[in-house]
Structure formats: structure tokens, C-alpha cells
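Hello,

Here is the structure for your files. My notes follow below it.

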Amino acid sequence: MLWDKSRLVVTCVKTEHHDGLGTRIVPLFPELEPVLAEAFEAAQTGAEYVITRTRDNASNLRTRFGKIVARAGLTPWPKLFQNLRATRATELADEFPGHVAAAWLGHSVKVAKGHYWQVTDDHFEAATSKSAANALQSLPASGCTGLKPDQDSPGKAVLSDLMQLLASEGVGDRGLEPLTPAV
């Protein structure tokens, strides 16, 4: 625990046999700080670990967690821990660059994309929100012509040109994606 830097040292049992991959440093997220501070205060002086109940390999966390979920009146979902990890991976990737989020969770961006990152209802809500619609309506109607570098971003100009092209010529039967050659 690096309290002064608001960071945690995570032991990586799965990768500790690889040189330099035995631990990783992650932020001490604000929602965890009070819980860990309480455990730290309750721990014996000089204790290496503040959570000791589950240090035993015979401890079955999945069964215990399933019972906690059921007592809360919920139905335990499949892959309890994997789904929690996927949710947090998605939350972190929404807020931080993908490589940062992946490093904090101890996997690569490729693994995160393939196994953890999810499309959520919040993503759809953000895409279809009034502010997104307002942003599209505020794009310049004139396209790239006559834009001054300090007036509008190149991204707005390209999107405006694309919208004008679609409005004048339509999408057509093949859509917008380039054709994929037959194999």
C-alpha cells in the first residue's frame, strides 16, 4: 500500500514467475479507500496483509460470493468474477486510455478487447443523447470550403463533407463500407 501516493501494490500470482510481472501498481480508487483504510486500522501492527480471511487456497470465493448475491435477493449471474472484471475494465476504458485501463487490470489491450470491454446501455444513451444531436446540428453546413483553421476543427469539416455527400447522393445498396474481396 502506498497511501501517500494513493496507490496499491497488487500481487500477481498468475504472472509472478515471469521476470518483473510479480506485482503491479494500481490507483487507490476513491470508492475503495475508506474500506481499505478501515481494514488497515483493524489489522495487527506490522501485518503484511489487511485482508487475511481469503489468503488460504482452500477458500472458495465463488461459492461464498454466490451466497452473498443470493442473500441480497439477486440471482447469481454466470462467471461472477469474470463479469465483475469485465464491468470494471469497461468503466476504466471509458474514463482512461485503453492501454492504461488494461495495464491496471493486468492484461493487454488485445485481451481487454476480446474478453472484457463491453458495449453498455450508457454508451447507447450517450450516443443518442440530446447533446450528441446538438453537436451534429452545430456542424458547419459549408463543408471544408471557406473554413479558417482557427474557426472549425478539421474533424467537423470532414464530417460535414460526408453528411453533404450522403444527402446529395444517398448511401446506395452497398452501404458505406468498402467491398470485401471474395476469398
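Leaving aside neighbours within four places in sequence, which residues is alanine 86 in contact with? They are Tyr116 and Gln118. Keep in mind that this is a predicted model.

Confidence first. The protein chain has a mean pLDDT of 79. Of its residues, 70% reach 70 or more. Helix α4 has the highest confidence, with a mean of 93. The lowest is in helix α7, residues 130-137, at a mean of 61. Over residues 142-151, pLDDT stays under 50. The model has 13 contacts beyond four places in sequence for that stretch. Where pLDDT is low, the predicted coordinates should not be read in detail.

Now the core. The largest nonpolar core holds seven residues: Phe29, Ala86, Ala89, Leu92, Ala101, Leu105 and Tyr116. The largest share, three residues, comes from α3. In soluble globular proteins, nonpolar side chains tend to be buried together.

Then the helix pair. The axes of α3 (residues 80-95) and α4 (residues 98-105) come within 8 Å. They cross at roughly 145°, and the crossing is right-handed. On the α3 side, the contact is made by Arg85, Arg88, Ala89, Leu92 and Ala93. On the α4 side, Ala101, Trp104 and Leu105 make the contact. Six residues of this contact are nonpolar, two are charged and none is polar. Ala89, Leu92, Ala101 and Leu105 belong to this contact and also to the largest nonpolar core.

Best wishes

Definitions and conventions
Residues are numbered from 1 along each chain as its sequence is written. This is a predicted model: local features need pLDDT of at least 70, side-chain atom pairs count only at pLDDT 80 or more; totals for chains, interfaces and linings use all residues. Side-chain values use heavy atoms; hydrogens and water are left out. Axes are lines fitted to C-alpha atoms, for helices over the stretch in contact, and angles run from 0 to 180 degrees between N-to-C directions. Helices (H or I, at least four residues) and strands (E, at least two) are DSSP runs, numbered from the N terminus. A crossing is left-handed if the near helix is turned anticlockwise from the far one by less than a right angle, and right-handed if clockwise. Contact means heavy atoms within 4.5 Å. Ala, Val, Leu, Ile, Met, Phe, Trp, Tyr, Cys and Pro count as nonpolar, Asp, Glu, Lys and Arg as charged, and the others, Gly among them, as polar. pLDDT is the predictor's confidence in each residue, from 0 to 100. A nonpolar core is a set of buried Ala, Val, Leu, Ile, Met, Phe, Trp, Tyr and Cys residues joined through side-chain atoms within 4.5 Å. Buried means under 20% relative accessible area, exposed over 50%, partly exposed in between (1.4 Å probe, protein chains only).
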